[in-house]
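Subject: Structure handover, with notes on salt bridges and the sheet

Dear colleague,

I am passing on the structure below, followed by notes on what turned up in it. Please read the notes with the coordinates open.

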Amino acid sequence: MPNAYISGLGMYVPPKVVCNDDLRAWYDTSDEWIYTRSGIKERRWVEEPASTADLGYQAAQEALRRAGKTPSDIDLIIFATLSPDLYFPGSGVLLQHKLGLETTPALDIRQQCSGFVYGLSIASQFIQTGMYKCILLVGAEIQSTWIDYNPEGRTVGVLFGDGAGAALIEATEDSSRGILSSHLYSQGAYAMELCIAEPSSATRSHKLPGSYGMRPYMNGKEVFRHAVQRMGEAIETALSAQGWRPQDVNLFILHQANIRIIQAVADFFGLPMERFYNNIHKYGNTTAASIPICLYEAEMEGYLKAGDKVILTAFGSGFTWGSVAMIW
Ligand code: COA
């Protein structure tokens, strides 16, 4: 059975840097509050017009180039986003068209911050069955356009950024490298704890009594608590599936939601933060793009070397979470 491995990575973030202090144009907030609560110093925002598929296209082009491939080599596109260009169809078909492809299948997945982990698992299954040999997985978001710029939007608005990451996933007969295992979970009982409830198939108007409107809602403390617990559990599952001890893992990459969540997970395993690659200070929470952007920068900065044991884990709206164990 072939193994799936990442043969090329790409990323794209818009050039416009928005510092914490810049957010004071809308919110009663401060650099000190945002940095100490989340670890974020700045994030990138698009300057319109731009679309999520555009950002994904930029990242995909780089992933293809680094893998030495062209769009015609792609057997399947998987597009993970919570901020699609359109209500329907998904951004995957828009990316397919931008890449100049005609009938290549495109699959959109809506697992929010866990989107890239879910996407890797899906890609890995398609490759192991032999159905596809080369899959483009993209995680991309434009979140600056859904942020609530009203004063009460500050708790959510300061955390999120725009960006895209892409990975080309290919088949290899070399069983000593690539994706070894993945574990996926969700718990819809908590769907309303982190959501944008409208536009909705359940309502025809934004003015219905009790309507959230097109505004994000987050129960920050509840999300924080579950994120620490579930990412910790997902790492334990990955470790036990591989027979690894925590200290055997060269690099952990956790979804970049809050540096304090990552610190809590590191403390739980008794590991130093050096084992956890982080760039949240530069980009904030880029949702489905956060893990591929980390993978890209970790590789560029020399933190990922051939043969390294790597565990990825993410947690997000849904709630959804999961982990992937791989040999780089
Ligand atoms: N600037 C300044 N003050 C702010 C603020 C902001 N941007 N946002 C909220 N506050 C205020 C609150 O109104 C509250 O004021 P009060 O005490 O007068 O009521 C105070 O700061 C403390 O807020 P609190 O909610 O207790 O802060 P916290 O320590 O829980 O941190 C989060 C808030 C959002 C940073 C934290 O809960 C978190 O990171 N949760 C998880 C978020 C996440 O991971 N989301 C994505 C998951 S994929």
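The side chains of R245 and D248 form a salt bridge, with an N to O distance of 2.8 Å, where a salt bridge is a side-chain nitrogen of Lys or Arg within 4 Å of a carboxyl oxygen of Asp or Glu. R245 has a relative accessible area of 47% and is therefore partly exposed, and D248, at 23%, counts as partly exposed as well; buried means under 20% relative accessible area, exposed over 50%, and partly exposed in between, with a 1.4 Å probe and protein chains only.

Before the rest, please note that this is a predicted model, in which local features need pLDDT of at least 70 and side-chain atom pairs count only at pLDDT 80 or more, while totals for chains, interfaces and linings use all residues. Residues are numbered from 1 along each chain as its sequence is written, and side-chain values use heavy atoms, with hydrogens and water left out.

By the salt-bridge rule the count comes to 12. Among them is the pair E297 and K282, at 3.0 Å from N to O, which links distant parts of the chain, since E297 lies in helix α9 (residues 290-300) and K282 in helix α8 (residues 280-283), 15 residues apart. Helices (H or I, at least four residues) and strands (E, at least two) are DSSP runs, numbered from the N terminus. E297 counts as buried at 8% relative accessibility, whereas K282 is partly exposed at 24%.

Another salt bridge joins the side chains of E222 and R225, at 3.2 Å from N to O; both residues lie in helix α6 (residues 220-242), 3 residues apart, or about one turn of the helix. R225 is partly exposed, at 45% relative accessibility. D148, E152 and R215, in turn, are linked in a network of salt bridges.

Turning to the sheet, 5 strands form an open sheet of mixed pairing in the order β1-β7-β6-β4-β5, where two strands pair if DSSP finds at least two bridges between them. The edge strands, each pairing on one side only, are β1 (3-12) and β5 (106-109), and the twist averages 20° from one strand to the next. Strands β6 (residues 134-141) and β7 (residues 163-172) run antiparallel and are joined by 8 bridges; I135 has I169 in β7 as its bridge partner. Helix α9 packs on the sheet, touching β1 and β7, and its direction makes about 90° with that of β1. Contact here means heavy atoms within 4.5 Å, and axes are lines fitted to C-alpha atoms, for helices over the stretch in contact, with angles running from 0 to 180 degrees between N-to-C directions.
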